[in-house]
Amino acid sequence: MSVQIGAAERPLRVAVIGSGPSGFYAAEELQRSGVAVQVDMYDRLPTPFGLVRGGVAPDHQKIKSVTRVYDKIAAHPEFRFYGNVEFGRDVTHADLSAYYHAIIYAVGARTDRRMGVPGEHLPGSHSATEFVGWYNAHPDHRSLSFRLGSERAVVVGNGNVAMDLARILASSAEQLAATDVADYALRELAASGIREIVVLGRRGPAQAAFTTKELRELGELPEADVVVDPAELELDPLSHAEVARLPGRTRDANLEVLRGFAARPPRGAQRRVVLRFLTSPVRILGAERVQGLEVERNELYRAEDGTLRPRPAEARETIACDLVFRAIGYQGVPLPGVPFDAWAGRIPNHGGRVLDPARGEPVVGEYAVGWIKRGPQGIIGTNKPDSQETVSALLADLASGRLDKPDVPGREVLEGLLYERKRDFVSYEDWQLIDELERERGERAGAPRLKFSRVEEMLHALGERRERERPSTA
Ligand code: NAP
């Protein structure tokens with residue numbers, strides 16, 4: 001009788017595509033399962049951690065310390081990281097299907113939703129994804145430029161990403177210098193001419209998606225006033241009834257903080273963050289570049305699903321501005337060879353099992369976790385139970401024999417393929433050297449780290465460090 005997959009002599013081989021929180025929690029769950037398992041984690045960048053590195057705001061260092069947990073997961077003797085290896089280019093779906101019993105997609109949501117208003121393409125109109133990636137030294141976005149000399153910027157959206165953007169734009173150079181913001185972004189933000197940041201929520205203050213801690217932080221900025229017109233906080237009858245009827249801890253705490261902002265006399269600070277509600281963008285104005293944003297006032301109505309939705313109510317107005325950031329949600333992109341639901345921006349799945357759209361049946365051995373599974377919602381911790389659900393499905397499939405494959409080659413064969421295809425792949429040990437170098441560079445600047453923002457730069461620095469550490473043969 002052949003040896004069971006998952007026995008010590010025949011470990012379960014799993015490829016995890018993407019090295020953000022959901023990928024690491026999936027790896028952890030597999031490691032805790034009691035099954036002998038080899039987890040190989042791939043990332044197209046040489047650096048791991050997904051949005052923890054490239055999305056979490058640079059002034060939220062405490063949140064980033066979650067990577068210590070990921071370091072422990074990576075320290076498992078049967079864990080490997082293959083960074084700088086892109087799925088679909090350096091290794092294909094067919095390759096991985098042959099080399100692993102199971103594949104877990106943990107690629108997150110790489111792009112953003114669009115507002116769908118005229119003028120969205122104009123220079124000066126940007127997605128939050130671009131701006132956040134830029135100030136976080138993400139190689140995809142490091143070469144972008146933003147007209148920070150402008151006087152007023154509008155941020156569309158009322159989620160935590162909108163809060164991050166508004167806070168970073170309103171922060172002082174001194175505050176930012178103590179973070180791991182990209183060095184080029186720090187220079188440009190320090191010289192920024194922006195005096196007013198207007199944040200637009202399409203629904204009312206009782207429906208805002210941001211959380212109270214993030215809202216409160218706006219009010220703690222030393223060089224910015226937060227401005228809320230008290231009239232904006234007078235709830236419409238439907239919201240009023242809902243607040244009275246339904247409990248909502250975050251909502252109620254948000255309203256209290258907002259009332260506090262509205263009651264505060266402005267200090268005449270250098271910058272202002274203006275929070276407006278029930279206002280939607282209609283058109284971005286300008287011929288060659290953004291010169292303004294036409295907005296309309298909304299009212300709320302009860303939709304068929306019972307939620308309060310916005311609809312246009314009153315005359316339009318124009319906000320003069322040179323910069324518009326849309327922070328209205330991320331969006332997943334398809335992976336070559338993997339089913340994708342373009343409407344939802346996700347991999348179709350049932351409890352994490354990837355579904356074949358034509359048959360509606362699970363694709364054997366393929367799973368999804370995180371934002372590509374459930375959509376771009378939730379904080380880092382949300383991914384833990386989400387990944388646990390997927391790994392439970394995977395382990396159930398293993399137990400029922402659905403993952404049986406006669407001849408999955410060992411790791412050394414896979415590494416042979418990688419040496420042929422992508423000689424400069426980056427291991428976890430390599431990443432730890434990059435990490436060390438970034439921290440050393442940061443220390444000199446009084447910051448937690450100074451990130452490399454170009455892949456070539458990372459690989460070059462890594463090569464030099466390895467060279468220095470090589471024992472001398474002289
Ligand atoms: P989000 O929480 O889904 O918020 C999106 C916002 O955009 C909502 O206010 C939404 O309004 C609005 N919106 C959507 N379409 C719009 C349109 N066409 N016009 C105007 N407004 C529109 O998304 P997010 O801010 O990108 O955050 C994603 C996830 O990451 C969230 O779960 C968030 O909490 C998390 N996150 C957490 C932190 C943190 O913990 N510090 C930081 C960043 C992100 P409606 O509500 O009306 O749809």
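Author: Start with a contact between two helices. Pro21, Ser22, Tyr25, Ala26, Glu28, Glu29 and Leu30 in α1 meet Asn383, Lys384, Ser387, Gln388, Val391, Leu394 and Leu395 in α14. Sorted by class, this contact of α1 with α14 holds seven nonpolar, four polar and three charged residues. Keep in mind that the model is predicted.

Reader: At what angle do the axes of α1 and α14 cross?

Author: Roughly 50°, and the axes come within 8 Å. Here α1 is residues 21-31 and α14 is residues 383-399. That angle makes α1 oblique to α14.

Reader: Is the crossing of α1 and α14 left-handed or right-handed?

Author: Right-handed.

Reader: Now the salt bridges. What makes a pair count as one?

Author: A side-chain nitrogen of Lys or Arg must lie within 4 Å of a carboxyl oxygen of Asp or Glu. By this rule the count comes to 44 salt bridges.

Reader: Which residue forms a salt bridge with Arg167?

Author: Asp164 does, at 3.2 Å from N to O. Look at where the two sit. Arg167 and Asp164 are three residues apart in helix α7, residues 160-170, so about one helical turn separates them. Both Arg167 and Asp164 are buried.

Reader: What about a pair that joins two strands?

Author: Take Arg272 and Glu196. Their salt bridge has its closest N and O atoms 2.8 Å apart. Arg272 lies in strand β10 (residues 271-276) and Glu196 in strand β8 (residues 196-200), so the pair ties together parts 76 residues apart in sequence.

Reader: Are Arg272 and Glu196 buried or partly exposed?

Author: Use the cut-off: buried means under 20% relative accessible area, and exposed means over 50%. Arg272 has 34% relative accessibility, so Arg272 counts as partly exposed. Glu196 has 14%, so Glu196 counts as buried.

Reader: Show me one more pair. Which residue forms a salt bridge with Asp435?

Author: Arg449, with the closest N and O atoms 2.7 Å apart. Asp435 lies in helix α16 (residues 428-445), and Arg449 lies in the loop between α16 and α17 (455-469), so this pair ties together parts 14 residues apart in sequence.

Reader: Are Asp435 and Arg449 buried or exposed?

Author: Asp435 is buried, and Arg449 is buried as well.

Conventions: Residues numbered from 1 in each chain as written. Predicted model: local features only at pLDDT ≥ 70, side-chain atom pairs only at ≥ 80, totals over all residues. Heavy atoms only, no water. Axes fitted to C-alpha atoms, helices over the stretch in contact; angles between N-to-C directions. Helix = DSSP H or I, 4+ residues; strand = E, 2+ residues; numbered from the N terminus. Parallel < 35°, antiparallel > 145°, perpendicular 65-115°, else oblique. Left-handed = near helix turned anticlockwise from the far one by under 90°. Contact = heavy atoms within 4.5 Å. Nonpolar A, V, L, I, M, F, W, Y, C, P; charged D, E, K, R; others polar. Buried < 20%, exposed > 50% of the residue type's maximum accessible area, 1.4 Å probe, protein only.
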